[in-house]
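Subject: Structure for you to look at

Hello,

Here is the structure I promised to send over. Please open it alongside this message, and my notes follow below.

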Amino acid sequence: MIDDRHVPDFHHCSDHCGEQPSILDLPHIPLGLKQEWLELETRRHFLGRGAKALAWAGLASILGRTAPHLLADTGALIDRRPHFAPKAKRAIYLFMAGAPSQFETLDYKPKLAGMFDQDLPESVRGGQTLTGMTASQARLPIAPSFAKFAQHGKSGLWMSELFPNTAKLADDLCVIKSLYTEAINHEPAILSMTTGNMFPGKPSLGSWLAYGLGAINEELPTFVVMTSKIPVRTNVQALSNRLWSSGFLSPEYAAVALRAGNEPVLYLQDPKGVSRDVRRAMIDGVNDLNRQLFERVGDPEINTRISQYEMAFRMQTSVPDLTDFSDEPASTWDLYGPKAKEPGTYAYNCLMARRLAERGVRFTQIFLRTWDNHTNLPTNIKVMCEDSDRPTYGLITDLKRRGMLDDTLVIWGGEFGRTVYSQGTLKPDNYGRDHHPRCFSMWMCGAGTRPGVSYGQTDDFSYNIVKDPVHIRDLHATILHQFGIDHNKLTFKFQGLDQKLPGVLPSRVVPELLV
Amino acid sequence: MPMRRAIVLFLASAGLAAAEPATFGSRVVPILEKNCTVCHGAEKQKAELRLDSHAAILIGAKSGEILKPGNAKASELMRRITLPEADDDVMPSDGKPHLRPEEIAVLEKWIAAGAPATAEFDAPAMVPAVIAPPAAPDYRLRLAQANELAAGLGLRLVPRSRVVTDGLVLRTASAPGRCDDAAIAKLAPVADLIVEAELARTKVTDAGLASIGTWQNLAQLDLARTAVTSTGVARLASLAKLESLNLSETKVDGAGVAAVRALPALKKVWAFGTAAEPVAP
């Protein structure tokens with residue numbers, strides 16, 4: 001705790017400078033919360049004062065025992081060393097929003113072939129509540145996968161014919177077939193997957209990494225998001241910046257969303273007639289005013305604003321180099337396919353993700369969002385797989401040949417699974433599948449994940465997990481672990497709680513997924 | 001994070017072994033925590049067996065007891081850990097590393113002594129060699145110096161982790177153009193702390209590799225898209241700890257790769273987009 005007997009000079013700037021009563025004067029507020037507020041405010045305010053931050057570091061070290069605690073979650077002086085040596089320096093998360101069916105992609109269920117249109121045994125469903133979309137159906141008829149599977153590579157992993165290119169990577173993938181989540185609808189399920197919690201307001205995985213580890217490249221954002229052009233116009237999943245927000249962490253840890261087209265970051269280009277020097281002088285002027293405001297009111301958001309202006313200025317030079325693909329060798333286009341030349345496609349985004357990774361961006365999340373196949377699943381999933389298979393393969397192969405797969409973690413998957421029974425009409429070549437949170441499949445690749453394995457097992461209906469369940473919290477813990485982070489120790493004090501990505505429920509690193 | 005905690009415990013106990021009397025708690029628990037309790041502990045109970053307390057071990061598994069106090073040979077636990085590594089029944093399972101002979105010996109002595117919960121038993125000494133050698137000298141006293149030196153050159157030297165002997169990473173991504181041979185040469189006073197050098201896209205040339213060739217603790221070196229050639233790469237030939245070397249999109253040819261191939265620790269070389277591609281394993 002701050003003790004003004006030792007630190008005479010700085011605690012007075014933590015209240016509202018005499019303009020209003022301080023929170024500290026209010027009755028009925030637990031002392032602990034007051035202390036938390038005082039610390040947060042004081043630290044941020046103090047650190048914002050540029051050169052004085054260094055003096056503060058010295059002061060903090062004199063204070064001895066107090067110092068590490070005071071430095072725990074400040075912007076400038078946070079201890080950003082990983083808890084232990086990391087395997088991953090960066091990650092590329094291929095988020096298949098809308099939830100791809102596990103039956104046609106990764107979870108091979110040969111016994112279903114003989115059960116076409118039979119009723120799903122009640123014992124399997126076990127009385128589970130269904131969504132409003134299928135609860136009123138008279139029957140729950142089994143829909144076997146129209147897609148065929150074959151074993152690939154030395155590992156003999158079963159891969160779908162819909163992913164002919166990704167299948168060539170069987171010996172590199174670490175497939176998990178036993179993921180589960182609580183949410184049964186997209187928005188809460190995608191939020192759970194991206195932030196660890198189905199309620200909005202928590203920091204995204206990428207924000208936690210930015211906060212915990214800092215930037216490798218200070219000229220680019222630490223966390224980048226790209227949404228991909230949709231290859232089919234049905235089942236489009238809504239996405240919003242809640243999914244990549246920094247929640248209660250400082251807004252500087254939120255993702256920068258790159259847009260498709262020739263202006264990937266809006267308003268980054270200088271307006272006509274404004275030279276770079278003029279722009280610099282303007283930003284300096286605005287920053288000066290902001291600093292004065294900060295001195296007066298001490299609101300940490302002002303500092304964030306200042307640093308965002310600086311980042312935007314730096315991105316004016318770093319982004320054009322990033323988006324100029326003319327330095328790519330011809331082999332790039334063979335790998336990712338011709339669509340990679342068209343801004344905004346999934347293929348283009350995959351190539352961009354490699355370029356971001358090369359430049360040290362810690363976390364890139366690509367969203368592809370038309371997997372929500374309630375109806376016409378065979379037709380639509382074919383389009384989705386065709387759109388994404390080659391670029392996904394291209395990305396991993398490219399990372400591998402450039403020596404980057406050893407420290408780049410690639411993650412592929414959606415937010416939940418789909419049902420074994422058909423939603424709507426069932427024909428061998430036409431059916432739909434509803435949402436299913438009890439089990440779903442994903443894969444990881446690179447950065448010390450165990451290659452060529454299939455972990456976890458579902459029953460013959462891919463309805464329940466029968467072996468080695470992995471909650472999405474465990475997946476988060478495992479991802480953080482590869483970054484050298486102990487998931488229970490990366491915390492931020494907020495609302496009286498040491499907040500952390502996996503939340504307060506038990507979570508664990510899954511050692512079987514790692515080498 | 002159970003694995004890590006277990007390792008720390010294990011090392012601590014190895015250090016204490018000489019001073020502290022050998023008991024279940026001081027010698028057996030660390031071995032079980034390191035190797036077994038991920039599957040036989042609070043979170044998972046494979047075969048309904050828990051190995052995280054003395055009482056639980058005596059209760060045994062689904063199929064019954066796993067221990068005959070006083071008779072190590074007749075104990076299922078001993079049989080499982082002494083099977084050949086390829087055996088389906090061997091423990092730890094799932095291709096996890098076999099117990100080391102010293103660890104097996106400790107468990108054997110403990111069971112033979114009647115598997116006491118608290119009483120001392122006559123355990124063999126731990127071989128201290130299990131402690132991995134530090135990657136670099138303790139950085140604590142020289143971190144400020146390293147940071148200052150790097151910042152003055154427009155570079156960054158960041159600790160690889162909180163483990164103070166994990167060394168420093170030379171980071172240049174913010175401004176690769178600022179990192180040239182002269183800057184590299186100036187890092188000499190702290191070069192022994194550097195275990196990883198991210199030099200892709202920098203201005204480093206063969207001349208700079210003469211300096212880097214003296215960075216004895218360097219394990220990872222990324223030179224992708226630099227102007228280095230095989231002549232320079234040959235200057236790395238005394239980096240005894242170098243594990244990975246990225247030469248992608250440089251002018252290096254087969255001669256460069258051949259020059260480092262014999263390095264004792266080298267595991268991976270990448271030479272994508274060079275005349276040396278593909279690199280034979």
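**What I found**

A:E342 is partly exposed, with a relative accessible area of 37%. Before going on, please keep in mind that this is a predicted model.

I started from A:E342 because its partly exposed side chain takes part in a salt bridge with A:K229, at 3.3 Å from N to O. The two ends come from distant parts of the chain, 113 residues apart. A:K229 sits in the loop between β5 (223-227) and β6 (256-258) of chain A, while A:E342 belongs to the loop between α9 (330-336) and α10 of chain A. A:K229 also counts as partly exposed, because its relative accessibility is 41%.

**Other salt bridges**

Over all chains, the count of salt bridges comes to 55. Side chains of opposite charge can pair when their charged atoms come close. Two more pairs may interest you.

Which residue of chain B does A:E512 meet in a salt bridge? The partner is B:K44, with N and O 3.1 Å apart. A:E512 lies in the segment after β17 (497-500) of chain A and B:K44 in the loop between α2 (24-35) and α3 (54-59) of chain B, so this pair joins two chains. Buried means under 20% relative accessible area. A:E512, at 7%, is therefore buried, and B:K44, at 11%, is buried too.

The other pair is within chain B: B:R225 forms a salt bridge with B:E249, and their closest N and O atoms are 3.1 Å apart. B:R225 lies in the loop between β4 (220-222) and α9 (230-233) of chain B, and B:E249 in the loop between β5 (244-246) and α10 (254-261) of chain B, so the pair ties together parts that are 24 residues apart in sequence. B:R225 is partly exposed at 24% relative accessibility, and B:E249 is partly exposed at 22%.

In soluble globular proteins, nonpolar side chains tend to be buried together. Here the largest nonpolar core has 61 residues, and A:L94 and A:W443 touch the most other members. Helix α10 (residues 346-358) of chain A gives the most to this core, with 9 residues. There is also a second, separate core of 52 residues, and its members include A:L209, A:L243, A:I411 and A:Y455.

If you zoom in on A:L94 and leave aside neighbours within four places in sequence, you will find contacts that include A:Y346, A:C350, A:I366, A:L395, A:V410 and A:W443. A:I411, a member of the second core, is also in contact with A:L94.

**A histidine pair**

Is A:H374 buried or exposed? With 10% relative accessibility, A:H374 counts as buried. This residue is found in the loop between β7 (363-368) and α11 (377-401) of chain A. The side chains of A:H374 and A:H435 are joined by a polar contact of 3.0 Å. Not counting residues up to four places away in sequence, A:H374 touches several others, among them A:M133, A:H186, A:N235, A:R418, A:Q423 and A:D434.

Finally, A:M282, A:V286 and A:Y309 make a nonpolar surface patch of about 240 Å². A:V286 is found in helix α7 (residues 276-297) of chain A and counts as partly exposed, at 30% relative accessibility.

I hope you enjoy exploring it.

Best wishes

Note on methods
Residues numbered from 1 in each chain as written. Chains lettered and ligands numbered in written order. Predicted model: local features only at pLDDT ≥ 70, side-chain atom pairs only at ≥ 80, totals over all residues. Heavy atoms only, no water. Core = buried A, V, L, I, M, F, W, Y, C linked by side-chain atoms within 4.5 Å. Buried < 20%, exposed > 50% of the residue type's maximum accessible area, 1.4 Å probe, protein only. Helix = DSSP H or I, 4+ residues; strand = E, 2+ residues; numbered from the N terminus. Contact = heavy atoms within 4.5 Å. Polar contact = N/O pair within 3.5 Å; in protein donor to acceptor, adjacent residues only side chain to side chain. Patch = residues over 30% accessible without salt bridge, like charges linked within 9 Å, V, L, I, M, F, W, Y side chains within 5 Å. Areas by Shrake-Rupley, 256 points an atom, 1.4 Å probe, with all protein chains shown as cover. Salt bridge = Lys/Arg side-chain N within 4 Å of Asp/Glu carboxyl O.
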